[in-house]
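Let me put the model up on the screen, and then I'll walk you through it.

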Amino acid sequence: MMLYPNIINIKKSHITVKILEGISILIIFVCVLINELFTPHIKWAFLVILGILYAWITSLYSIRKNVNIASHVLLQTIIGLVLTFLVDEIIGYRGWSINIGMPIIIGIANITMLILTIVKRKKYFKYSMYQIVLSILSILVIILLITKAKYKIIAVSITSGITITTLIMSIVLCGKDLKDKLYRVFHI
């Protein structure tokens with residue numbers, strides 16, 4: 001039984017990261033080369049590049065110490081929304097990201113934040129600020145969905161309901177503390 005934690009060798013970690021960076025660059029190069037040689041009319045290599053970038057951003061953010069779960073949910077939501085839109089544009093389907101992908105991402109993010117709120121009741125206030133930012137982001141996406149969605153009004157309605165419900169739950173569960181904090185931060 002050890003009294004102290006194992007110390008990570010920084011040099012070995014640095015070498016591992018450099019090797020993984022090299023492998024990522026090699027994979028990107030090979031995919032772009034194969035794409036251009038065999039299927040230049042379909043730009044599937046960009047999907048590989050987006051996937052690798054997503055993996056790196058997620059991994060580097062997750063490895064950092066003291067990462068708040070709520071901030072991780074918010075970051076994943078933003079990255080997911082952007083990637084969904086970019087994949088839709090690259091593939092050329094034009095519309096599934098707005099009609100299906102974005103409502104699902106926003107709905108899942110809001111439900112995840114609500115579950116965090118219920119489970120981490122004592123630390124709820126810490127999550128409430130992220131919930132408000134997520135709600136604002138959700139409302140912006142819902143406005144985009146309402147103006148751009150052609151067929152999937154049901155998805156927009158469900159997403160709107162989830163967003164409004166989680167925002168109301170945030171206000172009900174932590175309204176007084178939230179008001180005090182906003183007053184201290186913004187001097188309202």
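Leaving aside residues up to four places away in sequence, isoleucine 142 touches Val156, Thr159, Ser160 and Thr163. Before I go on, keep in mind that this is a predicted model.

Now, one of those partners deserves a look from the other side. Where does threonine 159 sit? Threonine 159 belongs to helix H6, which covers residues 153-186. And is threonine 159 buried or exposed? With a relative accessible area of 2%, threonine 159 comes in under the 20% cut-off, so we call threonine 159 buried. Its contacts, again skipping residues up to four places away in sequence, are Pro103, Ile106, Gly107 and Ile142.

Back to isoleucine 142, then, as isoleucine 142 is also part of the largest nonpolar core. That core has nine residues in all: Leu81, Ile98, Met102, Ile105, Ile106, Val141, Ile142, Leu145 and Val156. Which elements give two or more residues to this core? Those are helix H4, residues 96-119, and helix H5, residues 124-148. H4 gives the most, with four residues. Apart from this core lies another one, of eight residues, and Val73, Met113, Leu116 and Leu134 are among them.

Okay, helix H3 next. H3 runs over residues 69-91, so to speak 23 residues, and spans 32 Å from its first C-alpha to its last. At 1.5 Å a residue you'd expect 33 Å, and the helix is close to that. Which residues of H3 are buried? Quite a list: Ala70, Ser71, Val73, Leu74, Gln76, Thr77, Ile79, Gly80, Leu81, Leu83, Thr84 and Asp88. After H3 comes glycine 92, with a positive phi, near 95°.

Let me zoom out to finish. The protein chain has six helices and zero strands, and along the sequence that reads α-α-α-α-α-α. Out of 188 residues, 30% count as buried. The chain exposes about 12900 Å², and 74% of that is supplied by carbon and sulfur atoms. What about contacts between residues at least 6 apart in sequence? Of those, 66% join residues at least 24 apart.

Technical notes:
Residues numbered from 1 in each chain as written. Predicted model: local features only at pLDDT ≥ 70, side-chain atom pairs only at ≥ 80, totals over all residues. Heavy atoms only, no water. Buried < 20%, exposed > 50% of the residue type's maximum accessible area, 1.4 Å probe, protein only. Contact = heavy atoms within 4.5 Å. Areas by Shrake-Rupley, 256 points an atom, 1.4 Å probe, with all protein chains shown as cover. Expected span 1.5 Å × (residues − 1). Core = buried A, V, L, I, M, F, W, Y, C linked by side-chain atoms within 4.5 Å.
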